[in-house]
Amino acid sequence: MADFAVKDPTAVLIQIAAIIPAHLITFAMCWIVVTMNRKFPFLKTLGWRSGGMRWWHYIAVLVAFFAFAGVVGHFLPEQENDLLRILKSSRAAVYLVTFLAVFSAPFIEELVYRGVLFPAFQRTAGTPAAIFLVTLLFALVHFPQYYPSFSTMILLTVLSLILTLIRAWTNNLLPCVILHLIFNLLQSIALILNPELHPQTSLPLEQTA
């Protein structure tokens, strides 16, 4: 069954599509927590402002991160993992994953980790502890889908640290969402253009609708 779940194209698509209602439920729960059941404005309470980050900051962070990724990839080549197996199951899986990575994950993940958890940890344990805990939690949740690709796990942890430091530095959530979205967009373009992710048993793109 485990082998079927990651190799059968239809089973893989169902699993990916299940993320959409999960994200909607997560958003609803976060909205209740952030607004205290409509007592406070949602975006203002989150810190939905771009203050603290200029356009060239985003470019500098991305260039530095991808340069670091190149070094890590040179010494620790990416290994086969569950996410790669899912992407190789069908072309439709690639499109659905990239759609979620661009249009859903950046907002929902930042909302949970750096929008809700970070200020909660910051109030109770202080900023350094909040940075450490949020960075670690974000990375640990993603590790199972990337194991045993240690290079990807290292880069994911570094990305989590960068996003959490930006949250602490700017005191705003929007810069984290923007950077996360740009990163995922670039990765998604790379996935779509990757010739290794063009399986012979691909499903029609219409099946992702």
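Helix H3 (residues 19-35) and helix H8 pack against each other in this predicted model, with their axes 10 Å apart and at an angle of about 35°, and the crossing of H3 and H8 is left-handed. On the H3 side the contact is made by His 23, Thr 26, Phe 27, Cys 30, Val 33 and Val 34, and on the H8 side by Ala 105, Phe 107, Ile 108, Leu 111, Val 112 and Val 116. Sorted by class, the residues of the contact of H3 with H8 are ten nonpolar, two polar and no charged.

One of the H8 residues in that contact is Ala 105, which counts as buried, at 10% relative accessibility. Leaving aside its neighbours within four places in sequence, Ala 105 is in contact with His 23, Leu 100, Glu 110 and Asn 184. The C-alpha atom of Ala 105 is separated by 24 Å from that of Asp 8, and these two residues are 97 residues apart along the chain.

A second pair of helices is formed by H5 (residues 55-75) and H11 (residues 174-193), whose axes come within 11 Å and cross at roughly 45°. Because of that angle, H5 is oblique to H11, and the crossing of H5 and H11 is right-handed. From H5, the residues Tyr 58, Val 61, Leu 62, Phe 65 and Phe 66 meet Pro 175, Ile 178, Leu 179, Ile 182, Phe 183, Leu 186 and Gln 187 of H11. The residues of the contact of H5 with H11 comprise eleven nonpolar, one polar and no charged.

| Helix pair | Crossing | Residue classes in the contact |
|---|---|---|
| H3 and H8 | left-handed | ten nonpolar, two polar, no charged |
| H5 and H11 | right-handed | eleven nonpolar, one polar, no charged |

In soluble globular proteins, nonpolar side chains tend to be buried together. In this model the largest nonpolar core has 23 residues, and those with the most contacts inside it are Ile 16 and Leu 87. At least two residues of this core are supplied by each of helix H2 (9-17), helix H6 (82-87), helix H7 (91-103), helix H8 (105-125), helix H9 (127-146) and helix H10 (150-170), and the largest share, seven residues, comes from H9. Apart from this core lies another, of 21 residues, which includes Tyr 58, Leu 62, Leu 111 and Ile 166.

A cis peptide bond joins Tyr 147 and Pro 148, with omega at about 5°, and Pro 148 lies in the loop between H9 and H10. In the loop between H3 and helix H4 (42-46) is Met 36, which has a positive phi of about 50° although it is not a glycine. With a relative accessible area of 46%, Met 36 is partly exposed. Arg 38 is likewise placed in the loop between H3 and H4; its phi is near 75°, a positive value in a residue other than glycine, and at 69% relative accessibility Arg 38 counts as exposed.

Terms used. Residues are numbered from 1 along each chain as its sequence is written. This is a predicted model: local features need pLDDT of at least 70, side-chain atom pairs count only at pLDDT 80 or more; totals for chains, interfaces and linings use all residues. Side-chain values use heavy atoms; hydrogens and water are left out. A nonpolar core is a set of buried Ala, Val, Leu, Ile, Met, Phe, Trp, Tyr and Cys residues joined through side-chain atoms within 4.5 Å. Buried means under 20% relative accessible area, exposed over 50%, partly exposed in between (1.4 Å probe, protein chains only). Helices (H or I, at least four residues) and strands (E, at least two) are DSSP runs, numbered from the N terminus. Axes are lines fitted to C-alpha atoms, for helices over the stretch in contact, and angles run from 0 to 180 degrees between N-to-C directions. Angles under 35 degrees count as roughly parallel, over 145 as roughly antiparallel, 65 to 115 as roughly perpendicular and the rest as oblique. A crossing is left-handed if the near helix is turned anticlockwise from the far one by less than a right angle, and right-handed if clockwise. Contact means heavy atoms within 4.5 Å. Ala, Val, Leu, Ile, Met, Phe, Trp, Tyr, Cys and Pro count as nonpolar, Asp, Glu, Lys and Arg as charged, and the others, Gly among them, as polar.
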